[in-house]
Amino acid sequence: RRVKMIDSFLGNLEIKETLRSIISSGRFPHAFIVEGAEGSGRHTLAKIIAASAVCEGNTSDKPCGKCRTCELVEKDGHCDVLTYAPDGATFKVDTVREIRDNAYVMPIESKRKVNILSDCDKMNEPAQNAFLKVLEEPPEFMIFILICQNASSLLPTVRSRCVTLSVSNPEIDEAKNYITLKTGKPESDIVEALESSHGNVG
């Protein structure tokens, strides 16, 4: 039996319960901040949120991980789920304006559109202020997921309009079982690596 997408995310029980509650209510926030250390699973969580928003499965089973839309999100191939990243050292204002303009374009296949913004720590104040304009009054169908190491790098006005999910490393045993299954490497090597990285799977 295939493990559900939310259940497959290691540790972070509170985040998983929050997501389940959002999905069952059917009312998605317009913006999430996913904060955590590099390698902690922030991008994995962002994909799970995105899949939850566009999944064609039953509400009680979203994201199912089996439907066409879930599979497309997993492969970065869904036309209504777009990922943006900084151009070099910073998130340029021009990139944010492109995101803002695109946000008002109706979804092509799904009822919702999702924009995943990586490395938002690199979004300077002018770029954040430009982004704030669409964050204040987003289209009904639009969801933003802002990925950063620390939410405090974002303006209070941005943070106040987002649901913040703080990703933490899983327990060593849970991470060990996961990596053993994925890699088949000796358990002693895996435990040593996990202890030196404080359980950071990435």
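**Figure 1. Overall fold.** Helices (H or I, at least four residues) and strands (E, at least two) are DSSP runs, numbered from the N terminus. By that count the protein has nine helices and five strands. Along the sequence they follow the pattern α-α-β-α-α-β-α-β-α-β-α-β-α-α. The model is predicted: local features need pLDDT of at least 70 and side-chain atom pairs pLDDT 80 or more, while totals for chains, interfaces and linings use all residues. Residues are numbered from 1 along each chain as its sequence is written, and side-chain values use heavy atoms, with hydrogens and water left out. Of the 202 residues, 46% count as buried (under 20% relative accessible area; exposed is over 50%, partly exposed is in between; 1.4 Å probe, protein chains only). The accessible surface is about 10700 Å², and carbon and sulfur atoms hold 48% of that area (Shrake-Rupley method, 1.4 Å probe; for residues, only the protein chains shown count as cover). Take the contacts between residues at least 6 apart in sequence: 74% of these join residues at least 24 apart (contact means heavy atoms within 4.5 Å).

**Figure 2. The five-stranded sheet is open and pairs in parallel.** The strand order is β2-β3-β4-β1-β5 (two strands pair if DSSP finds at least two bridges between them). β2 (81-84) and β5 (163-166) form the edges. Each has a single partner strand, so one side of each lacks a neighbour in the sheet. On average, neighbouring strands are turned by 20° against each other, direction ignored (axes are lines fitted to C-alpha atoms, for helices over the stretch in contact; angles run from 0 to 180 degrees between N-to-C directions).

**Figure 3. Strand β1 pairs with β4 and with β5.** β1 spans residues 31-35 and β4 spans residues 142-148. Five bridges join these two parallel strands. Val34 stands opposite Ile147 in β4. Ile33 has Leu146 as its bridge partner in β4. Towards β5, four bridges form, again in parallel. There, Glu35 is the bridge partner of Ser166. Five of the five residues of β1 are buried. Ala31, Ile33 and Glu35 lie on one side, Phe32 and Val34 on the other.

**Figure 4. Strand β3 is largely enclosed by the rest of the structure.** β3 covers residues 113-117, and five of the five are buried. Lys113, Asn115 and Leu117 point one way. Val114 and Ile116 point the other way. Four bridges tie β3 to β2, and the two strands run parallel. In this pairing, Leu117 of β3 is the bridge partner of Tyr84.

**Figure 5. Helices α5 and α6 pack roughly parallel to each other.** α5 covers residues 93-103 and α6 covers residues 125-136. The angle between them is about 5°, and their axes are 9 Å apart. The pair is therefore called roughly parallel (under 35 degrees; over 145 is roughly antiparallel, 65 to 115 roughly perpendicular, the rest oblique). From α5, the contact uses Val93, Val96, Ile99, Arg100 and Ala103. From α6, it uses Pro126, Ala127, Ala130, Phe131, Lys133 and Val134.

**Figure 6. Cysteines without disulfides.** The structure holds zero disulfides (a disulfide is a pair of cysteine sulfur atoms within 2.5 Å). The sulfur of Cys64 has its closest cysteine sulfur in Cys55, at 3.6 Å, which is too far for a bond. Cys64 is buried, with a relative accessible area of 8%. Cys148 is in no disulfide either. Its nearest cysteine sulfur belongs to Cys120, 6.4 Å away. Cys148 is also buried, at 0% relative accessibility.

Figure 7. Most residues other than glycine have a negative phi. Asp76 is exposed, at 60% relative accessibility. Asp119 is partly exposed, with a relative accessible area of 29%.
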